[in-house]
Amino acid sequence: MLLVRGLYSGVLIATLFTSFTTWAQQAPATPQQGMGGIAGGIGAAPVYDSQKRPITAGGFVDSGPVVFQDVAKAAGLTGWIHRMGGTPEKKFIVETNGSGVALIDYDNDGWMDIFLLNGSTFDALDGKEEPPHSALFHNNHDGTFTNVAAKAGVTNDRWGYGVSVADYDNDGWPDIFVGNYGKNRLFHNNHDGTFTDVAAKAGVELGNWSSGSSWGDYDGDGLLDLYVSGYVHFDRDNLPIAGSKAMGYAFCQYRGIGVNCGPRGLRGEADHLFHNNGNGTFTDVTVKAGVEDKERYYGFTAIFVDINGDGKPDLVVGNDSEPNYLYVNKGDGTFEDQSYASGFALNESGREIASMGIAAGDYENSGQVDFFITDFGDDYKVLFHNDGDSSFTDVSYKAGVAQTTIPFVGWGDGFIDYDNDGWLDLFMVNGHVYPEVDQHDWGTTFAERPLLFHNVPDSRGRKFEYVPPVKDTGLAKVVSGRGLAYGDLFNDGKIDVIINPIDGPPVLLRNVNPDHHHWVEVRLVGGPKSPRDATCATVYLKANGMRMRQDNLSSGSYISSNDRTLHFGLGDATDGGTAEIYWPSGAKETVKLPDVDRIYTITEGKGITGALCGGAPCAVSSPAPATGATKVSDQ
């Protein structure tokens, strides 16, 4: 196989093995000597389509399955533009990484709204120009959205990167945490369509550069705690310019061409775990809890999720160009670092990757949560299979997602069942970080198209089959993608995707797949001993001869936050199935879902407390109270 390693940093090192699969016409990679030690190495051979276009912006087909259509303009989203830096040259790393996006029902009307973070410019930070504003698009229930960010008080007006959504004070209304270059924001929901930034009072402002974040009740007190990943310590008084003292007088090159510097060669920004005190404030317990980022790795996406099925949220962190973190919750308020022991730190060749996005999902319906991690071009993207007992194996080539992804620089991603057949498919958005690539014949482009893989049966289990992009459809949309969030934006039982590209308008990919499969969706409300929004609850649905798993997570993809509604495809089954719910409190409940094609609200200890049909309240065919409520530890 061809295995190429690319580090998002201006550092590119590659290892060439043998054999070719998907890109059968590739020639051997050619060494490109860097200068000064910051960059240099071997790039993968260019890949072109039949019309000699780079595969990252080509490879379109005339016919085939049409899964998505971009409806952003019709939905009223394209008047908003993302900005990341003052010029297209991208001279500094703060101008390259882009921003996240969140799906949030901020007004509790049962319809998902869209929060799009914006970047900024140095002039805006210095007060020389109006800062770019973030957007909060209210869902109008008719396929259109209205930007209400100014009225809601969430324009941010700082250099925005990551976002996560959770009800941290258990008042029944979702709040928003924003990681910035500069001070962070914690937007508390005021229940009237507005938010108030309480980050300073809460003690979570930090400073410099926070990228990802995640919420989880790690100590079981019913209150959501906050983890914030730090990226690079970016010093404007000592800018990382090639050949300067800040870079150790080294050059910064990609394939022999000068590019912006970092993250390698720059000091990292520390990660933080904040314990929720229950009074609107948080205490930094990073060291006490055993999750100190001693090496100051370049952290991106973080996710609290139960990895080993013990009902306690564990923590994974994707680090750029450094080993990933995996912390297992010990149940006593501390974590054990099992990054290397679990196999999650490195890929199958024992190399760190440039981890950007993390998708969490049970793609085999085995009951275990797996992870797909996007990274830099010239390297395959990594699928970590959960082997049980907190152990993971890199199965990227075996599962069919490795070779196709090599030319692409991947960011946001997600396990989504786009055709409602009950098996999680895989979606990722892409875009290069160096505008210089458009000036060279390297078979890659700054703007890139997304990738979709269909989950199909295989003699060895399950694998992913590449879905070609049909011309003029959503999969043929060429943008420099960054943040991505997925969910049922139109309450029609189909999973849609919102993309926050760098320096452009958003892309809203509406799911138009022609299947007529059935589905059910579940929205959870925690009881007195669980967080109100049931963050980190796990639901197993027994239906259509399968046992599917979904987790209620506050973060994922690339520093983004997906729809918290749990979605299950049912194929042709007409029975809604039975949900096994493992609540954060430790309780387990079993609830029969009486009908298909419904969005159910399930409240801990009370069973089904509401249902939506086509976005409107509807009756349930028969009452379905919770049954068999027990503690997980009793099972």
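Modeller: A cavity is a set of grid points where a 1.4 Å probe fits but cannot get out. The second largest cavity of this predicted model holds about 100 Å³ of space.

Colleague: Which residues lie closest to the centre of the second largest cavity?

Modeller: They are Arg-255, Asp-378, Pro-407, Trp-442 and Thr-444, out of 16 lining residues. By class, this lining has 9 nonpolar, 5 polar and 2 charged residues. Pro counts as nonpolar.

Colleague: How many cavities of 30 Å³ or more does the structure hold?

Modeller: There are 4. The largest cavity has a volume of about 340 Å³. Its lining has 30 residues, and Ala-360, Tyr-486, Gln-550, Asp-551 and Asn-562 are the closest to its centre.

Colleague: Which strands each supply at least two residues of the lining of the largest cavity?

Modeller: β22 (358-361), β26, β30, β35 (546-551) and β36 do. The lining divides into 12 nonpolar, 11 polar and 7 charged residues.

Colleague: What makes the other kind of space a pocket, and how much space lies in the largest pocket?

Modeller: A pocket is an open set of points, whereas the probe cannot get out of a cavity. About 690 Å³ lies in the largest pocket. It has 28 lining residues, and Asp-105, Asn-108, Arg-523, Leu-524 and Val-525 lie nearest its centre.

Colleague: Which strand gives the largest share of the lining of the largest pocket?

Modeller: β40, with 4 residues. β4 (101-104), β8, β33, β39 and β40 (607-613) each supply at least two. The classes are 12 nonpolar, 8 polar and 8 charged.

Colleague: How do you know that both faces of β4 are covered?

Modeller: Buried means under 20% relative accessible area. Val-101 and Leu-103 on one side are buried, and so are Ala-102 and Ile-104 on the other. β4 also pairs with β5 (residues 113-116), antiparallel, over 4 bridges. Ile-104 has Asp-113 as its bridge partner in β5.

Colleague: Why is β8 called largely enclosed?

Modeller: 8 of its 8 residues are buried, so the rest of the structure largely encloses β8. β8 pairs with β9 (residues 175-181) in the antiparallel sense over 7 bridges.

Colleague: Why does Gly-487 count as buried?

Modeller: Its relative accessibility is 2%. The cut-off is under 20%, so Gly-487 counts as buried. Gly-487 lies in strand β30. Its C-alpha atom is separated by 8.8 Å from that of Leu-566, 79 residues apart along the chain.

Colleague: Which residues touch the most other members of the largest nonpolar core?

Modeller: Phe-68, Trp-209, Phe-427 and Val-497 do, in a core of 50 residues. β8 (159-166), β26 (410-416), β27 (425-430), β30 (483-487), β31 (496-500) and β32 (507-511) each supply at least two residues of this core.

Colleague: What makes such a set of residues a core?

Modeller: The members are buried residues joined through side-chain atoms within 4.5 Å. A second, separate core has 26 residues, including Leu-570, Ala-587, Val-596 and Ile-602. In soluble globular proteins, nonpolar side chains tend to be buried together.

Colleague: What makes β3 and β30 edge strands in the open sheet of 4 strands?

Modeller: The strand order is β3-β32-β31-β30, with antiparallel pairing. β3 (68-70) and β30 each pair on one side only. Neighbouring strands here are turned by 20° against each other on average, direction ignored.

Colleague: How do you know that β3 and β32 pair?

Modeller: Pairing needs at least two bridges. β3 and β32 have 3, and they run antiparallel, so they pass that cut-off. Phe-68 has Asn-511 in β32 as its bridge partner.

Colleague: Why is one side of β36 and of β41 left without a neighbour in the sheet?

Modeller: Their sheet is open, with 5 strands in the order β36-β33-β39-β40-β41 and mixed pairing. β36 (566-571) and β41 (616-617) stand at its edges, each with a single partner strand, so one side of each has no neighbour in the sheet.

Colleague: In which sense do β33 and β39 pair, parallel or antiparallel?

Modeller: Parallel: β33 (residues 518-525) and β39 (residues 598-603) share 6 bridges. Val-522 stands opposite Tyr-600 in β39.

How values were computed
Residues numbered from 1 in each chain as written. Predicted model: local features only at pLDDT ≥ 70, side-chain atom pairs only at ≥ 80, totals over all residues. Heavy atoms only, no water. Buried < 20%, exposed > 50% of the residue type's maximum accessible area, 1.4 Å probe, protein only. Axes fitted to C-alpha atoms, helices over the stretch in contact; angles between N-to-C directions. 1 Å grid on protein atoms, 1.4 Å probe; cavity = no way out; pocket = protein on both sides within 12 Å on 5 of 7 lines; lining within 4 Å. Points joined across faces, edges and corners; volume = space filled by probe spheres on them.
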